[in-house]
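Student: I would like a close look at a single part of this predicted model, namely one chain. Please describe that chain in one connected account.

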Amino acid sequence: MKPIRSMVLVSNDPVSIEHGAGDVFQALQAEIRRLGLDEEVRVSTIADVGDWEETPLVIIYPEAVVYSPVTAEDVPVLVEEHLLQGHIVKSLLGKMHEPVGEIAWLRARLGALPVQQRVVLSRAGIIDPESLDDYLLHDGYNALGKALTRMTPAQVIAEVEKSDLQGRGGAGFPTGRKWAFVRSAQGQPKYVICNADESEPGTFKDRLILEGDPFSVIEAMTIAGYAVGAQEGYIYIRGEYRLAYDRLENAIQQATQRGLLGEHIFGTDFNFHIHLHAGAGAYICGEETALIESIEGKRGQPRPRPPYPPTYGLWGKPTLVNNVETLANIPPILRNGAEWFHQFGTERSRGTKVYTILGNVNFTGVIEVPLGITLREVIEIYGKGMKRGAQLKLVQTGGSSGSIVPASLQDTPMDFESWRKAGVSLGSGALLICDEHTCVVDLAKVILQFFRFESCAKCAPCRVGTQRLYELMSEISQGRGAPEHLDEILILGRDMELLSNCGLGQTASVAVRDILKYFRDEVEEHIYQRHCRAGVCQIPGLPPAEFSAIQQPAAQAD
Amino acid sequence: MKLIQSLEDLEQARAEAAERQKSAAAVNIHIRIGMASCGIAAGAKDTLRVIQQIIASQGLSGIQVIKTGCLGLCVLEPIVQVQMHNQPTITYGRVTPEVARRIIEQHVKRGMIVPEYIVESY
Ligand SMILES: Cc1cc2nc3c(=O)[nH]c(=O)nc-3n(C[C@H](O)[C@H](O)[C@H](O)COP(=O)(O)O)c2cc1C
Ligand code: SF4
């Protein structure tokens, strides 16, 4: 399947329909079909076009050109000139005036976007995930075939390194380099693990891949096994993902039947087997060393590191652990080459990213977009704006361990590099979008409640710290906070970051820290005025106006 | 089925797969329905059942119903996509059994798109 290169939108508000938008739509479809462009060009409709007099409109992306009014007779010229030849048809351009509504926004970003570019999700939702036939008909197993019959393991790793793919499991570690570590590590046998634990609240991108395109993960793991020299692979899958489990099981079975898994794959000497291992509901088991312990049948607690899994992993052997989305990038990279992959994303962060959008936006779901687009774009274009026109207050990125991004930073490009500079972690790719009715104290409390529950309790900074942070936030939310609590939170948070054994404890305080950085006044209001401006926290006692911070120490007010 | 032992085998297997899909009663209408967790939670199983019932009870032919994963439009589930005679695919959202009935009657049987349920910008 070719990537979609243009998107054509036809206005279908009532006035446009009256003016023949339906005919235009059908004419466009027919013409695009006639010229064989239907795989690369998508035609759709758009309802909110603001206040345009001459309708129907036809808007073509990525150039964001607005044609209006368009009749069915104009369509052949439009398709021929714009979509085939790539020229803008000046005579049909809409009369320039202040654009409003959805269009205003899109015009402002002329040429930049917004067609979703799908590398990882190119098949999800399109093919039958239970049919190997369907997978084969959509480029399936070309990458493995190419790797096994035409490339050495070193060449496969070189190609992945050249692609600059970075891990999508949270840390953004360069995938090619990790593969090279495992390949060169001493010790046999070696293992490949697909991390499908995905327990970060609000993240369900891996589930979408596993449920919609399970063969791609199987194919990618097999390639990884060939590249690093492993013959056994494990998929550690979140226990609740029953449907994904069944589809993976079916995929493994079908692939094995056709000799695409098992012994002598593609007639070579390479053997590879995949085992499924379901988790049991512990968030910490997504951490790679806890995950390994869990597969070994032990209690899921992170190991001290170093040594890291590439040298000391499953049963003490060299082990590659990659996230589902990371792996799903591998077949397209091998099929089309690293150069091809470079067309997506930015200089320092190549490729696309799958995000789950949730919260107070009109559209929630999963999108795949190039790295480097901004939060504003995600919210306005893909999220279709804030619900009920509310104001954006903050976005939490990357699930509970992610950062809090205030509305003022929404124009920072989202890529590994820019966000690292801004102190934000891209994390797992969840984007929780919150409007002004969200109380930051309440949000912090909910996040800490999660961590205090999920801490594996192996080390004190995290076990005690998450509990204490929760208690402090809880006090503040009930109007019992004291000024010195804020310092305690910051010091405790820093200690946890420095002293915890694993990522859970190290990141548990990130959100609270960010909240105190960007929304300190609002937290202080809870303490001094005993007032929650969002009206979320139930603060007992007298109405807030009668309290004045200085004369009424909060501690006595209960 | 034959083992795939080389790139030639892979091509052959692909050709056979295409043959199998085509020969399924000269299919020229494809109806895809999202059956990932989100779709099922939103009632996709009921939608699917209705679609299958109508096809069976009216003896409609040339239609293949494909259960797919999720497109990412989770709020709009259940998602149904209709592709007729190799035309571009039309994507419908929030397809309750009621809507599914309309899509079959109007779009699949008479070629008229049901605009109210078309999903924008996908
Ligand atoms: C508490 C915690 C939970 C994690 N959960 C996941 C998870 O659910 N899925 C995942 O892929 N990585 C998770 N990770 C990251 C993994 O430890 C590891 O970095 C990742 O699987 C590496 O894959 P990548 O290089 O492909 O990104 C988690 C890390 C921590 C500290
Ligand atoms: S930081 Fe927390 S989750 Fe990680 S090992 Fe320590 S106690 Fe366990």
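Tutor: In chain B, the mean position of the 13 positive charges and that of the 11 negative charges lie 6 Å apart. As to burial, 54% of the 122 residues of chain B count as buried.

The fold may be taken next. Chain B contains 4 helices and 4 strands. Read from the N terminus on, these elements follow the order α-β-α-α-β-β-β-α. The C-alpha trace of chain B spans about 50 × 30 × 25 Å along its principal axes. Among the contacts in chain B with a separation of 6 or more, 60% are accounted for by residues 24 or more positions apart.

It remains to consider confidence, since the model is predicted. For chain B the mean pLDDT is 87, and 93% of the residues of chain B reach 70 or more. Within chain B, helix α3 (residues 44-58) has the highest confidence, at a mean of 94, whereas strand β4 (residues 90-92) has the lowest, at a mean of 87. The model as a whole scores ipTM 0.83 and pTM 0.80. Where pLDDT is low, predicted coordinates should not be read in detail.

Technical notes: Residues numbered from 1 in each chain as written. Chains lettered and ligands numbered in written order. Predicted model: local features only at pLDDT ≥ 70, side-chain atom pairs only at ≥ 80, totals over all residues. Heavy atoms only, no water. pLDDT = per-residue confidence, 0-100. Helix = DSSP H or I, 4+ residues; strand = E, 2+ residues; numbered from the N terminus. Buried < 20%, exposed > 50% of the residue type's maximum accessible area, 1.4 Å probe, protein only. Contact = heavy atoms within 4.5 Å. Lys, Arg positive; Asp, Glu negative; His and termini not counted. Charge placed at Lys NZ, Arg CZ, Asp CG, Glu CD.
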